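My notes are below the display.

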Amino acid sequence: MTDREKIEAYDGPAGGMGALASSMRHVARQGAPLRTTAALLQLNQHAGFDCPGCAWPDPDEPATFEFCENGIKAVAAEATGRRADPEFFARHTVTELAAQTDFELEDHGRLTHPMRYDAASDKYLPVPWDEAFATIGAALRALASPDEAIFYTSGRTSNEAAFLYQLFGRLFGTNNFPDCSNMCHESSGVALKESIGVGKGTVLLEDFALADAIFVIGQNPGTNHPRMLTTLQEAHRRGTKIVAINPLKERGLERFAHPKKPLELLGGTGTPIATHYAQPLIGGDLAVLHGMAKVVLDAEERAPGTVLDHAFIRGHTSGFDDYAARVRAIDWATIERQSGLTRVQLEELAGVYTASQRVIVCWAMGLTQHKHAVPTIQAIANLLLLRGNIGRPGGGACPVRGHSNVQGDRTVGITEKPAAEFLDRLGAAFAFEPPRAHGLDTVGAIEAMAEGRARVFVSMGGNFAAATPDAEYTWAALRRCHLTVQIATKLNRSHVVHGREALLLPCLSRSERDGNQRVTVEDSMSMVHGSSGRNAPASPHLLSEPAIVAGIAKATLGARASHVPWDDFVADYARIRAKIAEVIPAFADSEARIRRPGGFHLGNTARDRQWDTPTGKANFLFHAIPDLTLPDGQLRLMTIRSHDQYNTTIYGHDDRYRGIYGTRRVILMHADDVATRGLADGDVVDIASHFDDGRSRVARAFRVVAYDIPRGCAAAYFPEANVLVPVGAVADGSRTPVSKFVPVSVARAAQPVLRER
Ligand SMILES: Nc1nc2c(c(=O)[nH]1)N[C@H]1C(S)=C(S)[C@@H](COP(=O)(O)OP(=O)(O)OC[C@H]3O[C@@H](n4cnc5c(=O)[nH]c(N)nc54)[C@H](O)[C@@H]3O)O[C@H]1N2
Ligand SMILES: Nc1nc2c(c(=O)[nH]1)N[C@H]1C(S)=C(S)[C@@H](COP(=O)(O)OP(=O)(O)OC[C@H]3O[C@@H](n4cnc5c(=O)[nH]c(N)nc54)[C@H](O)[C@@H]3O)O[C@H]1N2
Ligand SMILES: [Mo]
C-alpha cells in the first residue's frame with residue numbers, strides 16, 4: 001500500500017464543499033487556470049459550448065453557470081496547459097509510452113501536430129496534413145473490399161462531423177460504423193424500439209417537474225450525471241418519491257448539497273435524494289421488475305378497475321393478456337432468489353409505483369451491460385405501460401445517455417445497421433447508391449481485425465483499445481491492422497496499441513474556437529442545440545473534425561466523389577446542416593431553431609402515443625427470469641466508473657463518494673465474502689474471470705475492500721478490469737459487452753505489486 005492510498009467512509013453529501021475543492025484542485029493541476037475559467041464561463045450558455053461531459057440536458061435558462069464538478073474536470077482536461085508536442089514525442093519511444101498508465105498518457109496534455117509512427121525509431125514523427133491524408137487514401141484504396149475498413153466513432157463528435165464521416169464511409173462503400181453506443185445504450189435502443197417503436201427516451205426535462213415518482217435504476221448520477229442531482233433535489237422538495245435501485249448505496253442518490261447554494265454548503269449534510277433505496281443482486285433487475293409488476297397485477301385483481309389504466313391498455317397496447325398471465329405465474333421464491341430482495345421490499349417499491357399518477361423510470365449502464373439487458377429494459381416498458389405512463393406529462397422512459405452527443409451521432413447516421421429509408425434519402429441527397437448490407441458493430445469489429453478480415457481502423461475520437469472488452473485479445477487485433485488512424489485531442493492507450501502503420505490526427509476540442517462556426521449536438525432528451533467554443537486552439541496546427549473528414553474523403557475518393565462539395569461544407573457548417581435536413585426531415589429549418597435558447601426537440605412518436613411497431617401498438621413483451629446462480633466460490637463482478645474519470649480518461653485516483661483514495665486497483669466485496677475466502681480487508685488478490693471459451697483471463701494485484709455490497713457481488717473499475725470481460729460475452733439482441741456481470745474468482749496475489757496500469 002502506498003502513502004497516498006486510503007480507504008475510509010465518506011460522511012458528506014454528494015456535491016457540497018468537497019465538490020468545490022476538488023474542482024479547484026483539478027483546474028490548478030492542468031496549469032492553465034485562465035484558459036479554463038474563460039471556457040467555464042461559456043459552458044452550457046446559450047451562446048457558448050455544450051459541456052463535453054454527460055448528455056444530461058440543460059435547462060432553457062441556465063443559471064449564470066451550472067456548477068458541476070465533473071463538468072469542470074472535463075473542461076479543465078481539454079483546456080489544459082500541457083502539450084504532447086513533437087519535442088515530447090522525440091523524447092519517448094512508443095514502447096516506453098506503452099508502459100505508462102492511462103492516467104499518465106492523457107496527462108501529457110493536448111496533441112499539437114499530426115504525427116506518424118516510424119517503425120525504425122519506434123517513435124511518432126511529425127507529418128504534414130496532406131501527407132497523412134494521402135497515406136490513409138492509399139491504404140483504403142489498397143483494400144480488397146471496402147468492408148475491410150472500420151470507422152469507429154465516440155459520442156463526443158458533433159452532428160456535422162458525424163454526418164460527413166458516415167457520408168464518406170458510405171461513399172467509400174461500407175456500413176462498418178461501430179460506435180461507443182454499442183458498448184453503452186444499444187440495449188436501450190433495441191429494447192425500446194420493439195416495445196414502443198422508438199429507441200430513445202420519451203421524456204423531457206420539464207416532465208421531471210411533474211412526476212410523482214422517479215425511479216433511478218442502475219445509474220450513479222452523483223458521479224456520472226451530476227446536474228441530474230439538481231433535478232432530483234427539486235423533485236424531492238416537491239414531495240416526489242425517488243426510488244433508487246442499485247447494489248451499491250451511491251452517495252449521490254442518498255444526499256446532495258448544491259455547490260452554488262451557500263446555505264446548503266454551510267449545513268454540511270445536504271438534503272436527501274432517494275425516499276426509497278433497494279440493493280438487489282447484480283443482474284437481478286428483471287426479477288425486481290417482474291416482481292413489482294406481479295404486485296401491481298395482484299392489486300388490480302383485489303380492486304378491479306382501480307390500478308391499471310384500462311383505456312390505455314385497450315387503445316394503445318398489444319399483448320397484455322399473455323404478459324399478465326405469465327407474470328402472475330412466476331412464483332415468489334424465484335423472484336426473491338433471483339432479485340436478492342424480499343417480497344415485502346418489492347411490495348413497497350410497487351406501492352410507490354401504484355400510488356403515483358405520473359412516473360418516470362431512469363436507467364443507465366447498470367441495466368444495459370447485461371446478457372439480459374434487452375428483456376430487463378422491456379420489463380421497464382411493461383411496467384410503465386400498465387398504468388399508461390408513456391406519452392403522459394410527467395411520465396415516461398428515460399435512458400440517461402453517456403457521451404454528450406452519442407444520441408445525435410446515431411440520429412445523423414452513425415450506425416452499422418442503417419434503416420433502408422435513411423439510406424434511400426442519403427443516396428438521393430448525394431446521387432449515389434449506398435451499401436445496403438449491415439456492417440460491423442464494436443464486438444464484430446474486434447473479431448474481424450483479430451481474424452484479419454479488417455485491416456484499416458479509423459477512430460473518430462474515443463479510446464477503442466481501452467474501452468472495449470478483452471484487452472489482450474483486442475490489442476492483438478489492433479496490432480494486426482495495416483493502418484490505424486486516431487483522430488483525437490489527447491494521447492491515450494489506442495495511440496500506443498497501433499497497427500503496422502499509424503497516424504495521430506489532432507483536432508480542435510468542443511471548448512475551442514473553430515473560425516466563428518458552430519456545431520450542433522443532441523442531448524439525452526432529443527433536444528438539438530448549437531455549440532461554439534471560444535478558447536484559442538491548443539495549437540495552430542489543429543484541424544476541426546469536419547476538416548479532417550473532408551481531407552480523408554478527398555484523398556480517398558478523389559474524382560469518385562468530386563460532386564460532393566467537401567470544401568464548401570468545411571467553410572460553412574450550415575451547408576452540412578442543410579444536407580442533414582434533406583436526409584432527416586426532423587432537422588428542417590434547424591438553422592433558425594438552434595438559435596433559440598434550449599434549441600429544438602426532434603420529436604418522439606411514443607411521446608405522442610403513435611406506435612411505430614409492427615403491431616401499430618405499444619407491445620407488452622415478456623421474458624422469463626433467467627437463473628443467474630454462479631458456481632460456488634464465484635462472484636458477479638460489475639465494472640464501474642470512479643468519481644475521478646471520464647470513461648478511459650483518468651483525472652485522478654480518488655473515488656471520493658465511495659471513500660477510496662489514491663488507488664484504482666481495488667475490488668469491492670462483502671465482508672463475509674472476504675472472510676470465507678480466508679482473506680482480510682486490504683489483502684491483495686488476482687482476479688480470474690470464467691467464460692466458456694477455453695481462454696484464461698486474469699487481472700493482477702487488486703486490493704480487497706470490504707464494502708456495503710450484496711453477498712456474491714463485487715465491483716472493480718473500468719478500464720482496469722477490461723482484461724476480464726470476454727469479447728464473446730454479449731447481451732442478447734444488442735451485442736453489448738456484458739461489463740456488469742463478469743463471473744470471477746479471487747485468489748491471494750502471486751505478486752502483490754500495486755502499480756496502476
Ligand atoms: N464524470 C463522468 N461522467 C460520465 C462518464 C464518466 O466516466 N465520468 N461516462 C459517461 C458515459 S459514456 C456513460 S454511459 C454514463 C454512465 O453512467 P452510469 O451508468 O451511472 O455509470 P457506471 O459507473 O457504469 O454505473 C453503473 C451504476 O449501476 C450500478 N449497477 C451495476 N450493475 C447493476 C445491476 O445489475 N443492477 C442495478 N440496479 N444496478 C447496477 C452500479 O452500482 C453503478 O451505480 O456516464 C456518462 N457521464
Ligand atoms: N468494462 C467496461 N467497459 C466499458 C464500459 C463499462 O462500464 N465497463 N463502458 C462503456 C461505455 S458506456 C462507453 S460510452 C465506452 C467509451 O468508449 P470511448 O468513447 O471510445 O472512450 P472515451 O474514454 O470516452 O474516449 C476518450 C478519448 O477521446 C478523445 N477525445 C476527447 N474529446 C475529443 C473530441 O472532442 N474529439 C475527438 N476526436 N476526440 C476526443 C481523447 O483522445 C480521449 O483520450 O466504454 C465502454 N467500455
Ligand atoms: Mo457510455
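**Conventions.** I am working on a predicted model, in which local features need pLDDT of at least 70 and side-chain atom pairs count only at pLDDT 80 or more, while totals for chains, interfaces and linings use all residues. Residues are numbered from 1 along each chain as its sequence is written, chains are lettered from A and ligands numbered from 1 in the order in which they are written, and side-chain values use heavy atoms, with hydrogens and water left out.

**Entry 1, the sheet.** I looked up the strand order and found an open sheet of five strands, β12-β9-β8-β14-β15, with parallel pairing. Helices (H or I, at least four residues) and strands (E, at least two) are DSSP runs numbered from the N terminus, and two strands pair if DSSP finds at least two bridges between them. The edges are β12 (276-278) and β15 (396-399); each has a single partner strand, so one side of each is left without a neighbour in the sheet. On average, neighbouring strands of this sheet are turned by 15° against each other, direction ignored.

I then checked one pair. Strands β8 (residues 213-217) and β9 (residues 241-245) are joined in the parallel sense over five bridges, and Phe215 has Val243 in β9 as its bridge partner.

Next I asked which strands helix α12 touches. Helix α12 (residues 226-237) packs on the sheet against β8, β9 and β14 (359-363), and its direction makes about 145° with that of β8. Contact here means heavy atoms within 4.5 Å. Axes are lines fitted to C-alpha atoms, for helices over the stretch in contact, with angles from 0 to 180 degrees between N-to-C directions. Helix α21 (residues 373-386) lies across β8, β14 and β15 and runs at about 175° to β14.

A residue is near if one of its heavy atoms lies within 4 Å.

Ligand 1 taken alone exposes 920 Å², and the protein buries 99% of that. The areas come from the Shrake-Rupley method with a 1.4 Å probe; for residues, only the protein chains shown count as cover.

Of the 31 residues around ligand 2, the nearest are Glu106, Tyr152, Ala467, Glu545 and Thr648. Nitrogen atoms of ligand 2 lie 2.9 Å from a side-chain N or O atom of Thr639 and 2.8 Å from one of Asn722. A backbone N or O atom of Gly461 is 3.5 Å from a nitrogen atom of the ligand. On its own ligand 2 has 930 Å² of accessible area, of which the protein covers 96%.

**Entry 4, a hairpin.** Strands β5 (residues 115-118) and β6 (residues 123-126) run antiparallel and are joined by four bridges. Arg116 stands opposite Leu125 in β6. Four residues lie between the two strands of this hairpin, and Asp122 in the turn has a positive phi of about 55°.

I looked up which residues of α30 (residues 573-583) are buried and got Tyr573, Ile576, Arg577, Lys579, Ile580, Ala581 and Val583. Buried means under 20% relative accessible area, exposed over 50%, partly exposed in between (1.4 Å probe, protein chains only). These buried residues pack against α8 (159-172), α23 (420-430), β19 (519-522), α28 (545-557), α29 (566-571) and α31 (590-593). At the start of α30, a side-chain oxygen of Asp572 comes to within 3.0 Å of the backbone nitrogen of Ala574.

Gln486 lies in strand β17 (residues 483-488) and is buried at a relative accessible area of 3%. Its side chain makes a polar contact of 3.4 Å with that of Ser459.

Val443, in helix α24 (residues 442-450), is buried at 2% relative accessibility. Val443 and Arg735 are 292 residues apart in sequence, yet 7.4 Å apart in space, C-alpha to C-alpha. Not counting residues up to four places away in sequence, Val443 touches Val727, Val730, Arg735 and Pro737.

Key. Polar contact = N/O pair within 3.5 Å; in protein donor to acceptor, adjacent residues only side chain to side chain.
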